[in-house]
Amino acid sequence: MSFDLSDKRVYVAGHRGMVGSAIVRRLASESCEVLTADRSLDLRDQRAVNDWFAQERPDAVFMAAARVGGIAANDAYPAQFLYDNLMIEANVVEAARRAATAKLLMLGSSCIYPREANQPISEDALLTGPLEATNQWYAIAKIAGIRLCQAYRIEHGCDFISAMPTNLYGPGDNFDLDTSHVLPALLRKAHEAREAGEAEMTVWGSGKPRRELLHVDDLADACVFLMREYSGAEHVNVGSGEELTITELAQLVARTVGFEGRLAFDSSRPDGTPRKLLDSSRLKAMGWRPSIPLAEGIAATYRDFLSEGGRRVRLDG
Ligand code: GFB
């Protein structure tokens, strides 16, 4: 039986981040009441989270709040990535149980899978091998998030589910070069190199790793779909199937921005996971498909960058 969102009180945790804001945009076309908390609610503070839930009593929760960042931020802030994410997840899940929230969707990441997982990576590859070192702290926290939902399902009968998106991009992304993911970084670098008339732009690592990219509005649509249609213990992969090397991505970004110079590879920077293409066949079999082609999504994200003036600099999702 599907979960009906009509007239429900729906809390989007992390509504200022790229994922949370996309979910809020997506929920605008549903007849539900969207709840958000202001900045004064620190999701790492258990008592504050319990009080907020007791007062607001959401029927459903999209758990999109997280400390997030690209390969360099993960490496630089292991304690923040592990501690903040563990606390946020545990507090929100426990508060949702206490407030008798009927359904919760936890968001994870494709970095939960072993570095050497078979490709495309199916859900059952979880915990079958060692993690990639550059994002293991974040991955451990996200694995704990999946297990929390499963444990609460077993012990308390809570209908808490998890979705594991592939690498995401889109409006509202973080364009800070020290903490961002690859796509916003490349957009910014190509833009600034073109503006300054430079002959080359720097790309971290070898350019050989492959990444699958999904537009955040497609993810938001998949989250609403899963909230409605899925009630299982196992986490569900959410990918686009659009995979390319970092070199190909940099070339696509350069074309989008109109930068005609060379790519210079900085081998002092890490490559990270060689490949993490998700097997999204379970979600596909349920009837969901992405709809935003990569080239179109990148062009829209570049427009967002220009309208924001590249000012978005953040570590929280
Ligand atoms: O997106 P990204 O930072 O993270 O990097 P991951 C992806 C790839 O792009 C790496 C290369 O091989 C980087 O070396 N790259 C090239 C760059 N130029 C740049 C650049 O200017 N900036 C950045 N950031 N990368 C993330 C995890 O891993 O995946 C997160 O750190 C999360 O925790 C996310 O799980 C899904 O794809 O390697």
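Author: Two rings of Phe, Tyr or Trp count as an aromatic pair if their centres lie within 6.5 Å. The model here is predicted.

Reader: How many aromatic pairs does a search of the whole structure find?

Author: The search gives seven.

Reader: What describes a pair of aromatic rings?

Author: The distance of the centres and the angle of the planes describe it. Take phenylalanine 175 and phenylalanine 305: their centres are 4.8 Å apart and their planes make an angle of 55 degrees, a tilted pair.

Reader: Where in the fold do phenylalanine 175 and phenylalanine 305 lie?

Author: Phenylalanine 175 is in the loop between strand 6 (167-169) and helix 6, while phenylalanine 305 belongs to helix 10 (residues 294-308), so the pair ties together parts 130 residues apart in sequence.

Reader: Now the ligand. How many residues surround the ligand, and which are the closest?

Author: The shell holds 22 residues, and the closest are Ile71, Lys189, Arg211, Pro270 and Asp271. By class, 10 are nonpolar, eight polar and four charged.

Reader: Which polar atoms lie by the ligand's oxygen and nitrogen atoms?

Author: A polar side-chain atom of arginine 211 is 2.7 Å from a ligand oxygen. A ligand nitrogen lies 2.9 Å from a polar backbone atom of serine 180. The side chain of asparagine 135 has an N or O atom 3.4 Å from an oxygen of the ligand. Of the 700 Å² of accessible area that the ligand has on its own, the protein covers 97%.

Reader: What space does the ligand take?

Author: The ligand takes the space of the largest cavity. Helix 3 (71-76), helix 6 (182-195) and strand 7 (200-204) are the elements that give two or more residues to the shell. Helix 6 provides the largest share, three residues.

Reader: Which peptide bond is cis, and where does its proline lie?

Author: The bond from glutamine 119 to proline 120 is cis, with omega near -15 degrees. Proline 120 sits in the loop between strand 4 (103-107) and helix 5 (136-156).

Key: Residues are numbered from 1 along each chain as its sequence is written. This is a predicted model: local features need pLDDT of at least 70, side-chain atom pairs count only at pLDDT 80 or more; totals for chains, interfaces and linings use all residues. Side-chain values use heavy atoms; hydrogens and water are left out. A residue is near a molecule or strand if one of its heavy atoms lies within 4 Å of it. A polar contact is a pair of N or O atoms within 3.5 Å; within protein, one must be able to donate a hydrogen and the other to accept it, and residues adjacent in sequence count only if both atoms are side-chain atoms. Accessible areas come from the Shrake-Rupley method with a 1.4 Å probe; for residues, only the protein chains shown count as cover. On a 1 Å grid over the protein atoms alone, a cavity is a set of points where a 1.4 Å probe fits but cannot get out, and a pocket is an open set with protein on both sides within 12 Å along at least five of seven lines; lining residues have an atom within 4 Å of a point. A molecule sits in a cavity or pocket if more than half of its atoms lie within 2 Å of its grid points. Helices (H or I, at least four residues) and strands (E, at least two) are DSSP runs, numbered from the N terminus. Ala, Val, Leu, Ile, Met, Phe, Trp, Tyr, Cys and Pro count as nonpolar, Asp, Glu, Lys and Arg as charged, and the others, Gly among them, as polar. Rings of Phe, Tyr and Trp (its six-membered ring) pair if their centres lie within 6.5 Å; planes under 30 degrees apart count as stacked, over 60 as edge-to-face and the rest as tilted.
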